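Please examine the sequence and the structure before reading each solution.

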Amino acid sequence: MFNNYKNQVIIVSPSLDPKVNVSGVSSVVNFIVNNNKDVNYIHFQQGKADTENGGKLARINRILQSYKSWKCLLKDTKDSLIHYNMSMDARSIIRDVPFIRYAYRHKRRILVHVHGGKYLFTKHRPKLIDMFLKKLFSMKLPVVVLSDNEKEIIEKHYHHGDVHVMPNVVDLSDATTFDRCVWGARTA
């Protein structure tokens with residue numbers, strides 16, 4: 001299905017439509033996709049929309065359906081790099097680590113991009129969360145974080161040596177459309 005593309009990247013994130021998700025992760029992913037025109041991105045939507053409702057059963061069903069789609073996508077895109085964006089909050093960790101682990105076990109090239117979250121800076125994590133994070137950081141994968149402080153935490157707490165800092169970016173392309181004015185200047 002997708003095997004004809006060169007420079008192909010599967011990029012995992014919430015919806016890229018700002019009307020569906022107001023999210024820093026979505027903003028960063030949009031910036032990456034829009035500023036790398038030589039790359040063929042396949043967006044794999046992971047996570048619920050801001051307006052999506054439903055209890056635990058609906059959430060579990062969404063994850064199971066997503067996992068099925070994930071397996072099919074990876075089967076059809078064997079040469080693609082995976083850029084997996086995730087937050088360090090409980091729902092994301094419990095949902096995303098099995099997806100990343102599946103790709104890792106199938107010898108896929110993966111970059112994990114961590115976008116902050118509650119359990120990044122918390123010293124005392126629940127045992128289940130800590131178990132998932134230990135599993136994630138035991139995989140030999142490059143990890144991208146937003147700050148030197150985040151890098152230091154992952155390196156020290158999880159002994160993961162392949163951590164890189166890429167601060168959040170600000171898209172200034174719209175700034176060129178504004179007229180320049182001098183504040184405080186009076187016009188006659």
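Two exercises with worked solutions follow; the model is a predicted one.

**Exercise 1.** Determine how helix α2 and helix α3 pack, and which residues make the contact.

*Solution.* 
Step 1. Two packed helices are described by the angle between their axes and by the distance between those axes.
Step 2. For α2 (residues 56-76) and α3 (residues 90-105), the angle is about 20 degrees and the axes lie 11 Å apart.
Step 3. Angles under 35 degrees count as roughly parallel; α2 and α3 are therefore roughly parallel to each other.
Step 4. The crossing of α2 past α3 is right-handed.
Step 5. From α2, the contact involves Arg59, Ile63, Ser66, Tyr67, Trp70, Lys71 and Leu74; from α3, it involves Arg91, Arg95, Pro98, Phe99, Tyr102 and Ala103.
Step 6. By class, the residues of this contact comprise eight nonpolar, one polar and four charged.

**Exercise 2.** Describe the largest nonpolar core and the surroundings of Ile93, one of its members.

*Solution.* 
Step 1. The largest nonpolar core has 34 residues, and those touching the most other members are Ile10, Trp70, Ile82, Ile93, Ile100, Val112 and Leu136.
Step 2. Helix α3 supplies the largest share of this core, six residues.
Step 3. Ile93 lies in α3. Buried means under 20% relative accessible area; Ile93, at 0%, is therefore buried.
Step 4. Leaving aside residues up to four places away in sequence, Ile93 touches Met86, Ser87, Met88, Pro98, Tyr119, Ile129, Phe132 and Leu133.

Definitions and conventions:
Residues are numbered from 1 along each chain as its sequence is written. This is a predicted model: local features need pLDDT of at least 70, side-chain atom pairs count only at pLDDT 80 or more; totals for chains, interfaces and linings use all residues. Side-chain values use heavy atoms; hydrogens and water are left out. Axes are lines fitted to C-alpha atoms, for helices over the stretch in contact, and angles run from 0 to 180 degrees between N-to-C directions. Helices (H or I, at least four residues) and strands (E, at least two) are DSSP runs, numbered from the N terminus. Angles under 35 degrees count as roughly parallel, over 145 as roughly antiparallel, 65 to 115 as roughly perpendicular and the rest as oblique. A crossing is left-handed if the near helix is turned anticlockwise from the far one by less than a right angle, and right-handed if clockwise. Contact means heavy atoms within 4.5 Å. Ala, Val, Leu, Ile, Met, Phe, Trp, Tyr, Cys and Pro count as nonpolar, Asp, Glu, Lys and Arg as charged, and the others, Gly among them, as polar. A nonpolar core is a set of buried Ala, Val, Leu, Ile, Met, Phe, Trp, Tyr and Cys residues joined through side-chain atoms within 4.5 Å. Buried means under 20% relative accessible area, exposed over 50%, partly exposed in between (1.4 Å probe, protein chains only).
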